[in-house]
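Subject: Structure handover

Hello,

Here is the structure for you to take over. My notes on it come after the model.

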Amino acid sequence: MASLSYFFTPEKGIQALSWMLIHSLWQGLILAVLAGLVIQLTRKSSPGLRYSLLTFLFMLFLGAAAYTFIQQLATDKTLAGTAVLSFSNIAAATVQAPASATAGDGVDALLTKLIAVCNAYAHYIVLIWFVVFAYKTIRICGGIYYISRLRNNATAPESAYWPMQVADLARKLKVYYPVALLESALVKVPVVIGYLKPVILVPTGMLALIPADQIEAILLHELAHIRRRDYLLNLFQSFAETIFFFNPAILWVSSLIRQERENCCDDMAIAVLKNKNKFVNALISFQEYNLHFEKITPAFAGSKPALMNRVKRILFDSNTVLLPTEKLLLLLGLFIAGAISFSTLQPADNWHQRDTSKSYAAAIQDAPSPGLPADVPHWQKHRCKV
């Protein structure tokens, strides 16, 4: 138990979590560059391939972040067990850390100083992160609770016709478990809730105002989400976004995954309908229905730019590509990632593997005792200490 408590002390946990969050910035930068290459190199590929590659990169990033946390937790190069932090100790560490650097080693000295500051402020980094993380987690849990209540509040079963149509469409998509269809006065767009017992909720009156063949297209899109198990995947993705809410690269790649997920469901619906124009008309009709009732932007049809992109992709088989600003940012990210890799792969003194606690603690513990001359012999120093 003693050895276990040594590796899992609160101080080491805070330091490991802090460095995991910090390292996730450059890891996310690499993820964004790779995702940009996937988007550019798969312009003529299927949405399924793009979705699989982007999801693989996203999971690879999460694995790298988890490995970083475990590695930082296991290492003995944190500040656990050192003197109590204070602003004077921080100042001493950040001033004295670069003093041991040789001439021409400015980048290495700057990294040493930066590491000392990050170690010193680890508690504040984790505290700020945790406050925002807790707030976002509470919002997600509240949303899950609200969605779970939608099934039994202000809902009404449909007539026999549409449930039979849903069962028939589900068989065509190889969904062999029952899927319920309910009208809801609380939802603004068609939505799928539940995993073991999925339910499709549609706005009240939508089935009567949109042509039947276009309703089938909308239901096929929702059934495709059920077939792909997107409910759980989207929930997992939301929690990952909550953990790395501060990382723009992660949020951008996550938005690309959601976009390709919708494209995959569109293609699955079109494969059953065997008519692209019918599905496009369903997108447009639902957009007009939504605007007529002055409701919020629908998830199925999307905003006007998103709707145009989906229609263009379906009709012309052209996947979305990077915008000029995104290309510029990714080139900048590639340059920064290359610079970081070059600096960290120097054989002289790898900053990532340096014992940063020694450079920090040297300013606190290894300094001569106050009041003793610098040239006092080593044995006399120990003799004079209380």
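Below is what was found, grouped by region.

The model is predicted, not experimental.

Helix α2 covers residues 10–41, which is 32 residues. From first C-alpha to last, α2 reaches 45 Å, close to the 46 Å expected at 1.5 Å a residue.

Ile336 belongs to helix α14 (residues 324–344). Ile336 has a relative accessible area of 37%, so it is partly exposed.

Arg50 is part of helix α3 (residues 47–74). With a relative accessible area of 0%, Arg50 is buried, because the cut-off for that class is under 20%. A polar atom of the Arg50 side chain lies 3.4 Å from the backbone oxygen of Ile39. Leaving out residues up to four places away in sequence, Arg50 touches Ile39, Thr42, Arg43, Ser45, Glu260, Asn319 and Thr320.

On aromatics, the structure holds 6 pairs. One of them is Phe244 with Phe246: the ring centres are 6.4 Å apart and the planes are at 55°, so this pair is tilted. Phe245 and Phe246 also pair, edge-to-face, at 5.6 Å centre to centre and 90° between the planes. Phe244 is buried at 3% relative accessibility, whereas Phe246 is partly exposed at 28%. Phe244, Phe245 and Phe246 form one aromatic cluster together with Phe61.

Finally, the charged end of Arg228 sits over the ring of Tyr51, 4.6 Å from the ring centre.

Regards

Conventions
Residues are numbered from 1 along each chain as its sequence is written. This is a predicted model: local features need pLDDT of at least 70, side-chain atom pairs count only at pLDDT 80 or more; totals for chains, interfaces and linings use all residues. Side-chain values use heavy atoms; hydrogens and water are left out. Helices (H or I, at least four residues) and strands (E, at least two) are DSSP runs, numbered from the N terminus. Buried means under 20% relative accessible area, exposed over 50%, partly exposed in between (1.4 Å probe, protein chains only). The expected span of a helix is 1.5 Å times one less than its number of residues. A polar contact is a pair of N or O atoms within 3.5 Å; within protein, one must be able to donate a hydrogen and the other to accept it, and residues adjacent in sequence count only if both atoms are side-chain atoms. Contact means heavy atoms within 4.5 Å. Rings of Phe, Tyr and Trp (its six-membered ring) pair if their centres lie within 6.5 Å; planes under 30 degrees apart count as stacked, over 60 as edge-to-face and the rest as tilted. A charge sits over a ring if NZ of Lys or CZ of Arg is within 6 Å of the ring centre and within 35 degrees of the ring normal.
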